[in-house]
Every structure is written in structure tokens, then in C-alpha cells.
Amino acid sequence: MRNLSRLLACAVMVALSACSTARIPAETPLVRQTDPAARQAEAFLARIATLDDAGPELNAVIAINAAAPAQARAAAAAGLPLAGRTVLIKDNIETRELPTTAGSLALAGNRTGRDAPLVANLRRAGGVVLGKTNLSEWANIRDSNSTSGWSAVGGLTRNPHAIDRNSCGSSSGSGAAVAAGFAWAAIGTETDGSITCPASVNGVVGFKPTVGLVSRSRVVPISSSQDTAGPMAANVRDAAMLLTAIAGSDPEDAATAEADRRRVDYAAGLDTASLRGLRIGVLTEQVGSRRDVRALFEAAVADLRRAGAEIVDVSHTPDAAMYRDEFAVLLFELREDMNAYLASLPEQADGTQPPRSLDDLIAFNIAHADREMRWFGQDIFLQAAEGRDAGSYAEARANALKLAGVDGIDALLAEHHVQFLIAPTTGPAWASDLVAGDNYGGGIGAGSLAAIAGYPHLTVPMGHVEGLPVGISFLGGAWQDSAVLKAGAAYERARSAELHVPGFTRWQPPEKR
């Protein structure tokens, strides 16, 4: 499928002589579209061919939908809200026209022919699936020493701001694709940091909504407690528009029972949203030890003050038991939820059965170790496969939720009489190293509080360190999604920092560029 993007680009954007040896598949549109939505879809496909499949080879996109221009034209003509805007979908979310692989060769033939409910909602709103994005394989839950952004299906996703730098996980392809201008927006998924980290290091907006606002059905799972899909976009307004389209209740996902009642038009009021009079809590312990990131954050806080916000210092160090119990919960739910998802998959196109359990995935990885486990193993899969006592799991879940929610975000908001909590999202992107794995550092960010509690978390670009983007996080209480987005949009207008433009080259000090 990736070759189709190159061929389509030749058909619509490049001189005939450059494509003289290419054979255009019969299903590829041969007539140049004249509708603006269709032309934009064609332009995005051509850009993917130029920068993802060739040139710097970002490896952000795993597969493309060649029918997207025609679908965009139809959606725009129908007068639907998104009017044919194109969206790239993380490849752990089912779409009817493309495989859903979670980055693993074990699911390379997983063509279910069905849409996840969130994708069905997107289409009903006039959004168009442009393709699928690469991800950290199995959403970065396979091994504790992985390299974010790598999958056996898609290879290593590169950060468009510095192609030797990491794009973070697990929604790495979605973040890099938006930063590279490959689509209007993208959808990622998060269990703990997998929307907000890639958004931050790729210099885009990412929003992890309240768990239960967006359906998780037909999404390759990790944790029924913490998983959610969410939008990634160039700005807060686009992210809010996309969230409005995909949110809603799903009878197959009990967590979404309140979604229809809670759902609003998340883009409404963003243009006039104000910070004046808002009390915002700065999580001082989560600013981290890097002086460069601290300087960026202090400038962002100054912008908030100038825009009328009252800034309150908030000191909080999460109990270590929160992280311990979160991991116990993830191990239990990974096995239970993955087994249930795999059991639901239809027979593959070639008549073979897909893997049906976590044990099957482990066996597949061992049998294909040269391609699946060259760079890192599967120790988390192995721990999850051992099984956990249901009673101990329930206790761990209750305690983690209490420490992150009631005794965490809820208590801090109430005690300090603040509407939101802020901190840097994470540090700048580290150099990708498949041999040594990821290199997080600096003690930066508070995303785990929102992830474990299931509360909204928005990251907005706040500047860059030596050409490497860094975001600012806004955390709110349960179902405060609209208020958090408004605060982020108001900050976006007040921001004084210069944002970095992707250069699609290796990182160099500014004086050598």
C-alpha cells in the first residue's frame, strides 16, 4: 500500500517523465480532481510520497487510502461538518479499507473490513481516512527497553524537526505526520503519554480526552482502565473539531455510557476564550531539572500572566505506589483485553487464523525473532502472560485511581482553588538508538496523573530547545475537556515564543545550519 502513495503522486503532481516506469493500479484515480477538498487530499498524498516514502523517509505512514480524494469530494459536496478534511489513523485502530497491524507482523494480514466506532463517527461527520500511521509496536507495551517509534511493519519513524531524533511513542507516526503536513489532522491513542509525548516532541497539539468520551471498540487494547483515542493537530481548534467528530457513546464500550450526555461542540467558543481571571496551578516539582526547558516554561507562564491568568505554585510529588499499582493494572488488563480483542478478529484474507491470545503473540515473536526481536525483546508480554490475581488487580486499580484522581488532581485543584494544572509536557526529543533504546530524562511532566485518573490532558507547543520542540501541558478534572481546550486555545493566542519549522534533516547546532 505504501507504494500506492508514490504512484498516485506521480499521477497528479509530477511530470510524466518522472513516472515513465510506474504502473498505476486500476483502482488508483487517474483523473485529476477539481474539487478543493479532493485537491487537498491529492496534495497530501503527494507530500507523503515525497517526504515519507522518499527523501528523508520519515516512515510516519504505513498505508494510504488511494480513494481519499474522491471520498473528500463526496463529503464536501454533502455539506458535512468536516467537509472532506483528511485524517490519518494510528494503525491500532480498525478501518474498513486497510489492515490494522499494531505494527506487528503477527497482524500483517488483519483486514477486518470494519470500522472502529470512532472511525465511523469520523466518516459521518465528513472526515476522510487518508491512511494509517506507524506506531511503537503494540503501542510500546511489548518490552521495557524498546525504541519508541519502531515497529516491524513500519520501521523507525523519524522526527521531521530532526530526522535522527525520536518521535516518541506510541503515537509516533501520528505526531510526525501532522508536523510534516501529511494530513489535516491525525488520531492517536494513549494509555500513559502516547498522545501527549509525540505531540510535544513533534511540535503539534495533542489531546488525551477524559476516558470514556471516545469509544475504544475495535482498537487494539492495552488497558480498559486507561486507553483512549484522541486528536493530534496543528492547532487547538483543529484538534477540537476532530474530537467533536469522533466522541460519542458506544454500546459495546461501557466506559462511554456518559459520552453522549457529556459531548459538546468542542470548537465552540475557542476564538473568544480568555485566560483573564483564571487561577492556574504550576506543578513546580514536574518542571524538571533542565535549565533550557525551565526557561521555555517560565516564558510560557509569563505569557499566561500577561493574558490575565493568576498563577499559583503547586507542590506535589506522586506516591511511588501510584506507578507500582498502575503497572500491575496494565499487566492484568493487557492479557485480559488483548485476549478478548484477538478472539474477535475474523479469519484473514488468505484463510488463515489470526493469533487468538497473548500467548500466540509471544510464540509468533519467538518464531520470527530475527525480524520482531532484533532490537528488543518482549519482557512485558511475558510478565503479563503469567497472569495476575483478580483480587490483587482490583486493589491495585482502586489505589492507583485514588492516588492519581481523588488524592491527586482532584485534591490539588480543590486545595489551591485552581481550574487547571500546568507543567512542561516532556523534554526535547532524544537521539534515536535502536541498540540502546529510549533515553527519557530530566524528570519532566505530569502526564501519568491524568492518564491513570482518566482525566483530560492537552499539550500545546510552547517553543523549542535548539530546534527541538517542547510542549506545555494543561490538566483538568474529569469531563472538563471543553474547558481545558479553551484554556489551551487562549494560551495559543497569547504565546510569544517562536515555534520551530521542520527541516527534514539531521539535527545540527543552530550556528551550523
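Predicted model: local features only at pLDDT ≥ 70, side-chain atom pairs only at ≥ 80, totals over all residues.
About 40 Å³ of space lies inside the largest cavity. Its lining is made up of Leu283, Ile422, Ala423, Pro424, Thr425, Gly445, Ala446, Gly447, His457, Ser473 and Leu475. Sorted by type, the lining has six nonpolar residues, five polar ones and no charged ones. Two strands, β11 (420-424) and β13 (468-475), each put at least two residues into that lining, and β11 gives the most, with three.

On to the charged pairs. Side chains of opposite charge can pair when their charged atoms come close. A search of the whole structure finds 18 salt bridges, and here are some of them:

| Salt bridge | N to O distance |
|---|---|
| Arg306 and Asp303 | 2.3 Å |
| Asp325 and Arg324 | 2.9 Å |
| Arg506 and Asp164 | 3.9 Å |

Take Arg506 and Asp164, whose closest N and O atoms are 3.9 Å apart. This pair ties together distant parts of the chain, 342 residues apart: Arg506 is in the segment after α16 (481-494), while Asp164 is in the loop between β5 and α5. Arg506 counts as exposed because its relative accessibility is 58%, whereas Asp164, at 18%, counts as buried.

What separates Arg306 from Asp303 along helix α9? About one helical turn, because the two are three residues apart in that helix, which covers residues 291-306. Arg306 is exposed at 60% relative accessibility, and Asp303 is buried at 2%.

In the Asp325 and Arg324 salt bridge, Arg324 is exposed, with 54% relative accessibility, and Asp325 is buried, with a relative accessible area of 8%.

Now for the backbone. Most residues other than glycine have a negative phi, and most peptide bonds are trans. Where does the model depart from a trans peptide bond? The bond from Gly169 to Ser170 is cis, with omega near 0 degrees. Ser170 sits in the loop between β5 (155-156) and α5 (172-179).

Asn59 has a positive phi of about 60 degrees, though it isn't a glycine. Asn59 belongs to the loop between α2 (36-51) and β1 (61-64), and it counts as buried at 15% relative accessibility. Ala83, also not a glycine, has a positive phi near 50 degrees. Ala83 lies in the loop between α3 (68-77) and β2 (86-90) and is partly exposed, with a relative accessible area of 31%.

Terms used
Residues numbered from 1 in each chain as written. Heavy atoms only, no water. Helix = DSSP H or I, 4+ residues; strand = E, 2+ residues; numbered from the N terminus. Buried < 20%, exposed > 50% of the residue type's maximum accessible area, 1.4 Å probe, protein only. 1 Å grid on protein atoms, 1.4 Å probe; cavity = no way out; pocket = protein on both sides within 12 Å on 5 of 7 lines; lining within 4 Å. Points joined across faces, edges and corners; volume = space filled by probe spheres on them. Nonpolar A, V, L, I, M, F, W, Y, C, P; charged D, E, K, R; others polar. Salt bridge = Lys/Arg side-chain N within 4 Å of Asp/Glu carboxyl O.
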